[in-house]
Amino acid sequence: EMAHVFAFLYALRYVDESGNVDRGHYLFQNKGCAACHGLEGRGSNAGPDLSKVGVDTPIAWAQAMWNHAPAMEARMKSAGVNWPRFDGQEMNDLLAYIQKVSQGPRREWDLFPANPDRGWKLFRSKGCLACHSIQGEGGGNGPELGPNRELPRTIVQFAGSMWNHSPGMWEAMKKQGVERPHFEGQEMADLIAFLYRLRYFESAGSQQIGRTVFARRGCSRCH
C-alpha cells in the first residue's frame, strides 16, 4: 500500500504547473523561437510549423526538446541566433503557449507507470555516467546527481535545465567520444523517475550526526 501511495505522489509531478500563455507568446518571439518556427503557415520555415505539431505531456516535451537540440543548435548558428536560456517558470510559459496554438494530433503517450529501475539502466547505457556520478559512481566532468543534488522543482523546468546545458553537454560528449543519447517512447519518463526517486528513497544524511542526535534526543534511553 505504501508503494502505491508513493507512486501516486510521484505521478502528480507529471501534471506539472500551468504556464502563462501571454508570457509564453512573448518568450516565443523574444527568445529567438520565431526565427526558425512559423505558426499557421506564417513566419520562418527553417523549422517545423509549431501550429501543426502535436504537443503531449511535459515528459514528452522534455524528450522532444533534448532529441531535437542538435539540429536546432546548427540552425541557430547558421542564422546567427544565440542559444536561448529558460529560467524559472519560463519553460512552463512557453509550453503553455505552444499547447494553445498547436492544432496537430495529440498522442497521449502511455507514460505510467514510469520505471526507475529502467531509468537507472538507461542512465548507464546512454552514457550519462561518463560525465555525471551517482553517489561516487561515474565521471566528474558534470555535476553529481545523487540525493544531495537539488533537481528542478517541476518536469518542465527539468526540460528547461536540460535545454540550457545542452550545448555544453554535447561539447563535453564530443571530447570524450560519447555518442549523444536519443530517447524514445517511455525512456525519458523512466530516466526522470530514477533521478527523482533518489530523493524519496536514498538517504542523504550523516551517520555521525545521526549517532549524536540519537544520544542527545534521548533515543538511547529506550533503544
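Me: To begin, what is the mean pLDDT of the protein, and what percentage of its residues reach 70 or more? Then go on to the pocket.

Reply: The mean pLDDT is 83, and 87% of the residues reach 70 or more. pLDDT is the predictor's confidence in each residue, from 0 to 100. This is a predicted model, so local features need pLDDT of at least 70, side-chain atom pairs count only at pLDDT 80 or more, and totals for chains, interfaces and linings use all residues. Residues are numbered from 1 along each chain as its sequence is written, and side-chain values use heavy atoms, with hydrogens and water left out. Helices here are DSSP runs (H or I, at least four residues), numbered from the N terminus.

Now the pocket. On a 1 Å grid over the protein atoms alone, a pocket is an open set of points where a 1.4 Å probe fits, with protein on both sides within 12 Å along at least five of seven lines. Lining residues have an atom within 4 Å of a point. The second largest pocket holds about 610 Å³ of space. Volume here is the space filled by probe spheres set on the points, which are joined across faces, edges and corners.

The lining has 30 residues. Nearest the centre lie H132, P143, L145, M162 and M169. Helices α6 (155-176) and α7 (187-201) each supply at least two lining residues. α6 gives the most, with 8. By class, 19 lining residues are nonpolar, 7 polar and 4 charged. Nonpolar covers Ala, Val, Leu, Ile, Met, Phe, Trp, Tyr, Cys and Pro; charged covers Asp, Glu, Lys and Arg; the others, Gly among them, are polar.

Next, the largest nonpolar core. Such a core is a set of buried Ala, Val, Leu, Ile, Met, Phe, Trp, Tyr and Cys residues joined through side-chain atoms within 4.5 Å. Buried means under 20% relative accessible area (1.4 Å probe, protein chains only). This core has 43 residues, and F123 and M188 touch the most other members. Helices α3, α4, α6 and α7 each give two or more residues to this core. α7 gives the most, with 9.

Leaving aside residues up to four places away in sequence, F123 touches H132 and L145, among others. Touching means heavy atoms within 4.5 Å. Both H132 and L145 are among the residues nearest the pocket centre.

Key:
Buried < 20%, exposed > 50% of the residue type's maximum accessible area, 1.4 Å probe, protein only.
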